[in-house]
Amino acid sequence: QVQLAESGGGWVRPGGSLKLSCVASTIPFDYGAIGWFRQAPGEEREGVACMRNIGDRTYYADPAKGRFTFSKDGFRHTVFLQMTNLKPEETGVYYCASGPGNRCDADEFDSWGQGTQVTVSP
């Protein structure tokens, strides 16, 4: 139902920064959430940060706290993930997603972008 498209990934050295963007066809104002997820090869998608659409309350996975910032431009249906002090273990494909989002878990989201690759290496 919701179309999403991520951009902004690339290669960065450990300790560097990247800002990801995700344009959505719509962001509901009265229910649900938008999430950022990371998937490494052979691994499950893990929640990085999720923002509920009502009031913009944001959950961050513990490793992201203090380093990643989730923001939203509601008028342009765009969300962002500013990532700083990146670590090699944070390499993976980053997805944005829309859905009920009662938990910041992939099973709670049902619309997904195609992902953008982030590689953190020397």
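Lys19 lies over the face of Phe80, 4.8 Å from the ring centre. The model showing this is predicted. Its structure holds 2 disulfides. A search of the whole structure also finds 3 aromatic pairs. The largest nonpolar core has 25 residues.

**Charges over rings**

- Lys19 sits over Phe80, with 4.8 Å to the ring centre.
- Arg45 lies over the face of Tyr95, at 3.6 Å from the ring centre.
- Tyr95 itself is buried, because its relative accessible area is 10% and the cut-off for buried is under 20%.

**Nonpolar cores**

- In the largest core, the residues that touch the most other members are Trp36, Phe70, Leu81 and Met83.
- Strands 3 (18-24), 4 (33-39), 5 (46-52), 7 (68-73), 8 (78-83), 9 (92-99) and 11 (116-120) each supply at least two residues of this core.
- Strand 3 gives the largest share, 4 residues.
- Leaving aside neighbours within four places in sequence, Met83 is in contact with Gly16, Ser17, Leu18, Leu20, Arg67, Phe68, Tyr94 and Val118.
- A second, separate core has 7 residues, including Phe37, Ala97, Ala106 and Phe109.
- As a general background, nonpolar side chains tend to be buried together in soluble globular proteins.

**Disulfide Cys22–Cys96**

- Cys22 and Cys96 form a disulfide, with their sulfur atoms 1.8 Å apart.
- The link of Cys22 and Cys96 is right-handed, with 60° about the S-S bond.
- Cys22 lies in strand 3 and Cys96 in strand 9, so the pair ties together parts 74 residues apart in sequence.
- Cys22 counts as buried because its relative accessibility is 1%.
- Cys96 counts as buried too, at 0% relative accessibility.

**Disulfide Cys50–Cys104**

- A disulfide joins Cys50 to Cys104, with an S to S distance of 2.1 Å.
- The link of Cys50 and Cys104 is right-handed, with 75° about the S-S bond.
- This pair links distant parts of the chain, 54 residues apart.
- Cys50 is in strand 5, while Cys104 is in the loop between strand 9 and strand 10 (111-112).
- Cys50 has 6% relative accessibility, so Cys50 counts as buried.
- With bonded cysteines counted along the chain, the disulfides follow the pattern 1-3, 2-4.

**Aromatic pairs and cluster**

- Phe37 and Trp112 form a tilted aromatic pair, 5.0 Å centre to centre, with 55° between the planes.
- Phe37 lies in strand 4 and Trp112 in strand 10, so this pair ties together parts 75 residues apart in sequence.
- Phe37 is buried, with a relative accessible area of 0%.
- Trp112 is partly exposed, with a relative accessible area of 23%.
- Tyr95 and Trp112 form an edge-to-face pair, 6.2 Å centre to centre, with 85° between the planes.
- Tyr95 in strand 9 and Trp112 in strand 10 are 17 residues apart, and their pair links distant parts of the chain.
- One aromatic cluster is formed by Phe37, Tyr95, Phe109 and Trp112.

**Where the topics meet**

- Phe37 and Phe109 are in the second core and also in the aromatic cluster.
- Tyr95 is a member of that cluster, and Arg45 lies over the face of its ring.

Conventions
Residues are numbered from 1 along each chain as its sequence is written. This is a predicted model: local features need pLDDT of at least 70, side-chain atom pairs count only at pLDDT 80 or more; totals for chains, interfaces and linings use all residues. Side-chain values use heavy atoms; hydrogens and water are left out. A nonpolar core is a set of buried Ala, Val, Leu, Ile, Met, Phe, Trp, Tyr and Cys residues joined through side-chain atoms within 4.5 Å. Buried means under 20% relative accessible area, exposed over 50%, partly exposed in between (1.4 Å probe, protein chains only). Contact means heavy atoms within 4.5 Å. A disulfide is a pair of cysteine sulfur atoms within 2.5 Å. Rings of Phe, Tyr and Trp (its six-membered ring) pair if their centres lie within 6.5 Å; planes under 30 degrees apart count as stacked, over 60 as edge-to-face and the rest as tilted. A charge sits over a ring if NZ of Lys or CZ of Arg is within 6 Å of the ring centre and within 35 degrees of the ring normal.
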